[in-house]
Each structure stands twice: as structure tokens, then as C-alpha cells.
Amino acid sequence: MEPVADTMQIGELLDERRHLRDVAHWMLGDGATAEHVTDEAYGEWYRLSEQQRGRIGAPRAWLTRAVGSIAMARLGLSGASDTSTPAERAALVIDDVFGDAAGGSATTAEQAAPGRRGPVDPEPSGRARHSLRARTARPASSGVQADVVDAVRQACVDGDADRLADLLHPDAVAFYDGGGKVRALTRPVVGGPRVARSLMTLLARHPRTTLHTGAVNGRTGLVARYDGRVAAVVCLDVAGSRVVQVWAVLNPDKLRSWNRPRP
């Protein structure tokens, strides 16, 4: 089963963001600023058109160079001299460490995309959601919901793509909410087989990833943890005995409450 284009495993998503944050922190020496710079780099990425993003062969390297450029700009705004330690580190990042790792792609979105675009129009998501709801049956009972969600979890844990596809409605739709803070899919995934592929890739078995059922918005959903921290919360709408809609929250800002210490 081939993965849906641009779908990534949870571990890859978080490791990429952690890498970018570490680069920014190394250059600027401040954790809070590094978080902001990382967010800005992802903002540059999502301001590219889908076609422009598709032409970038090494997205992680592109994002790293974007972090370097944003950090350099911040150093310039702060009045740091060329001989300061952060500036020397920035020069290393841009010139020596990464060089042409991004395959010659532009350092920032301004260079790569003269006609910059805003976020993807949410209208396709609305149309997909409305169309599916208009065709689906009455929502399943809480007991059936729990059974189906647990079957989805087991299929993902076992890597059983065929079983997972059988649990999805042929017209199922999946939405991935990365909030522009991780490199997640920006458009809805439509169709049971494609939704299965995207879920299988995102929730693939990994020694540092665990997947459990849990209460999500008052119903049984899926909670994925990476290195013990909640990395994704997945809501599933079940009608009859099949999943008709999936909403995966990957936005680290929205997951903060899930990672707060319990009193």
C-alpha cells in the first residue's frame, strides 16, 4: 500500500520540528525565540503553492535553510556584530553546514515564490465534509464506536492495511490539522483507500511511538504518543460499522493541554 503523497510518520514530523528548533536555538541562544523562528519557517513553507512545494526535493533541508535565513535576519535586527558568536554560528549554518543541501532551492519563500499565496482555501474541506455527512447513516452507538476505533488502532499497530481499509467507508474523508506548525497534509484526503494509506503512514509502528484508544471530545478516539508525549489526537466519526470521517490534530499548540502534568 503506497503512502499518500506528503504523509509522514509522527516520529518524522516531530523530529523535523525538533531539528529546526535546535538549529534556531543554536544560532540565537534563546529557546522561546527558537520556537518563533521555527513557526516562521513553517509559515514560509506553507506560503508556497503546492506545485512549488512539490518541486522541492529535500523539504527538511529547505526548512533548515529558511530557519537559518530568519535567524540571520533577527540577528541583523538585534544589531549583532559580524564577530559575535551567534552571527558566526549563523554563517556556519548557511555556508558550511547546509551548503546546497536543499538541492539549489531558494532559501526563503520570498525567493522561491514571487507571487506568494496565503493558506489553502478551506472551502474544499467544507464541501467534502458536507457531502459526506449528507450521505452517511445515523452515528453509531458508543459501544459500536469504541469497537470500531479499537479495531482501527489494532489494524494500525499490526500494519494490516487491508483490514484498515475494510473499516473505512468508501467515501471516507480525513483532515489533518497541523496548524502550520508541522509538515502535515493541508487538504482533505478523500476516499477510503487513500484515507487508509494516510493513516497507516502517520500511525506506523515505531519503537518510540505508542497508539491507544482514549476519550476524545466525549467519544472514543485515538491518542498517539511519541517518546511518551502526546503527538496526535485522532477523532473518528463512525456510521453503521465504518469510519466515515477522521480528524487528526497534530498542531503542537492544540496538544499542550494533553501534555500538561496531571495534578
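Which residue of β6 stands opposite A239? In this predicted model, the residue opposite A239 in β6 is R242.

Residues are numbered from 1 along each chain as its sequence is written. Because the model is predicted, local features need pLDDT of at least 70 and side-chain atom pairs count only at pLDDT 80 or more, while totals for chains, interfaces and linings use all residues, and side-chain values use heavy atoms, with hydrogens and water left out.

The mean pLDDT (the predictor's confidence in each residue, from 0 to 100) of the protein is 78, and 73% of the residues reach 70 or more. Over residues 94–125 the pLDDT is below 50, and this stretch has 54 contacts in the model beyond near neighbours in sequence; contact means heavy atoms within 4.5 Å. The protein contains ten helices and six strands, taken as DSSP runs (H or I, at least four residues, for helices; E, at least two, for strands) and numbered from the N terminus. Of its 263 residues, 45% count as buried, where buried means under 20% relative accessible area, exposed over 50%, and partly exposed in between (1.4 Å probe, protein chains only). The accessible surface comes to about 13200 Å², of which 49% belongs to carbon and sulfur atoms; accessible areas come from the Shrake-Rupley method with a 1.4 Å probe, and for residues only the protein chains shown count as cover. Among contacts between residues at least 6 apart in sequence, 66% join residues at least 24 apart.

The six strands form an open sheet in the order β2-β1-β6-β5-β4-β3, with mixed pairing; two strands pair if DSSP finds at least two bridges between them. Strands β2 (189–190) and β3 (209–216) stand at the edges with a single partner strand each, so one side of each has no neighbour in the sheet. The pairing of β4 with β5 is antiparallel and comprises five bridges. Within this pair, R225 stands opposite V230 of β5, and V223 has V233 of β5 as its bridge partner. Two residues separate β4 and β5 in a hairpin, and D227 in the turn has a positive phi of about 55°. Strands β5 and β6 also run antiparallel, joined by seven bridges. They form a hairpin with two residues between them, and G240 in that turn has a positive phi of about 70°. Ten of the eleven residues of β5 are buried, so β5 is largely enclosed by the rest of the structure.

Helix α1 lies across β4 and β5, running at about 50° to β4, whereas α10 lies across β1, β2 and β6, at about 45° to β1. Axes are lines fitted to C-alpha atoms, for helices over the stretch in contact, and angles run from 0 to 180 degrees between N-to-C directions. Eight of the eleven residues of α10 are buried, so this helix is largely enclosed by the rest of the structure. Its buried residues are G192, V195, A196, S198, L199, M200, T201 and L202, and their cover includes α1, α8, α9, β1, β2 and β6.

In soluble globular proteins, nonpolar side chains tend to be buried together. Leaving aside neighbours within four places in sequence, V152 is in contact with L164, L167, L222, L236 and V243.

R153, in helix α8, has a relative accessible area of 16% and is buried. Not counting residues up to four places away in sequence, R153 touches L211, H212, T213 and L222. N251 is placed in the segment after β6 and counts as buried at 7% relative accessibility. With residues up to four places away in sequence again left out, N251 touches D177, G178, G179 and K181.
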